[in-house]
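Me: Hello! I am new to this structure and would like to get to know it through a few questions. Could you walk me through them step by step?

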Amino acid sequence: PIPCVPWQSQTSGQYQRRVHGIRRHSGGISPIKPYLGCDITPAFEMIHAKTQVNLLPDGCYIGDIDASTRHLERKPLDEEPLSSDVAPSISHDEKPPISSIINIFDFEHVAAQLMRKDHLAYYASGGDDEITLRENHSAFKRSWLKPRVMVDVSNVDMSTKIVGYDASLPVYITAAAMGKYADPIGEVAFVRAANKAGSFYMISTYASCSLEETTGAAAPGQVLFSQLYVNILAR
């Protein structure tokens with residue numbers, strides 16, 4: 001049997017509920033099983049571009065949903081209240097001001113309170129044995145700042161070039177997937193932040209916003225980098 005997931009798309013200001021049959025899902029069948037017979041729209045948009053459903057093959061479209069049967073639809077499992085070990089411990093209104101953030105560890109501390117624990121785990125973990133993740137921390141600790149005494153630092157210029165492009169500081173936002181785990185606008189926020197800081201953002205291959213949404217948020221003339229995974233086994 002083909003699992004069917006309802007999709008609510010906005011057309012000409014009206015919502016039309018449609019059913020799509022999923023024969024093959026790149027993330028496997030397990031992530032969509034809890035939503036069988038449910039409206040998957042909120043969960044779908046959390047990790048996918050809204051336009052991605054339009055890229056499904058024509059054979060996936062099964063038909064429209066009779067709105068009069070909406071009351072028969074069961075609620076997906078993730079609409080249940082989050083347990084205390086998953087739910088954020090503070091709201092966005094309770095987060096400290098950005099001026100109180102001194103370093104990366106402060107950002108991580110706030111994120112641990114502000115984000116869902118399962119979403120935070122995705123950001124905080126590394127691949128396989130996490131050897132590269134640990135080495136990144138070790139390498140950063142081996143870099144020391146050379147102290148300067150009696151030097152005028154009232155006007156410090158940290159500008160540099162990154163792969164030939166001017167940057168205001170030697171830092172850029174690298175490719176990281178699932179931006180909507182942290183904020184509803186996802187990678188669009190990265191683009192805007194990079195532009196405001198005078199640096200760059202590298203678009204992730206597995207971004208939760210479409211390429212059109214991400215590049216559409218760029219300012220005129222803003223330079224964006226792009227990550228590309230090449231799967232030679234993909235057909």
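Me: Which residue forms a salt bridge with lysine 161?
Reply: In this predicted model, the closest N and O atoms of the salt bridge are 2.6 Å apart. The partner of lysine 161 is aspartate 166.

Me: Is aspartate 166 buried or exposed?
Reply: Happy to work that out! The relative accessibility of aspartate 166 is 58%, and a residue counts as exposed when the value is over 50%. Lysine 161, its salt-bridge partner, has a relative accessible area of 54% and is exposed too. So aspartate 166 counts as exposed.

Me: How many salt bridges does a search of the whole structure find?
Reply: Besides the pair of lysine 161 and aspartate 166, arginine 142 forms one with glutamate 135, with 2.8 Å between the closest N and O atoms. Another joins the side chains of aspartate 118 and arginine 116, at 2.7 Å from N to O. The search of the whole structure gives a total of three.

Me: Which term describes glutamate 135: buried, partly exposed or exposed?
Reply: Its salt-bridge partner is arginine 142, which counts as exposed at 53% relative accessibility. Glutamate 135 has 39%, and values between 20% and 50% fall in the middle class. Glutamate 135 is therefore partly exposed.

Me: Where is serine 210, and is serine 210 buried or exposed?
Reply: Serine 210 sits in the loop between β6 (201–203) and α6 (211–216). Leaving aside neighbours within four places in sequence, serine 210 is in contact with Ala49 and Thr51. Its relative accessible area is 9%, and buried means under 20%, so serine 210 is buried.

Me: How many aromatic pairs does a search of the whole structure find, and what kind is the pair of tyrosine 123 and tyrosine 181?
Reply: The search finds nine aromatic pairs. In the pair of tyrosine 123 and tyrosine 181, the ring centres are 6.5 Å apart and the planes stand at 50 degrees. Planes under 30 degrees apart would be stacked and those over 60 edge-to-face, so this pair is tilted.

Me: How many residues apart in sequence are the parts that this pair ties together?
Reply: Tyrosine 123 belongs to helix α3 (residues 117–124). Tyrosine 181 lies in the loop between β5 (165–167) and α5 (187–197). The pair therefore ties together parts separated in sequence by 58 residues.

Conventions. Residues are numbered from 1 along each chain as its sequence is written. This is a predicted model: local features need pLDDT of at least 70, side-chain atom pairs count only at pLDDT 80 or more; totals for chains, interfaces and linings use all residues. Side-chain values use heavy atoms; hydrogens and water are left out. A salt bridge is a side-chain nitrogen of Lys or Arg within 4 Å of a carboxyl oxygen of Asp or Glu. Buried means under 20% relative accessible area, exposed over 50%, partly exposed in between (1.4 Å probe, protein chains only). Helices (H or I, at least four residues) and strands (E, at least two) are DSSP runs, numbered from the N terminus. Contact means heavy atoms within 4.5 Å. Rings of Phe, Tyr and Trp (its six-membered ring) pair if their centres lie within 6.5 Å; planes under 30 degrees apart count as stacked, over 60 as edge-to-face and the rest as tilted.
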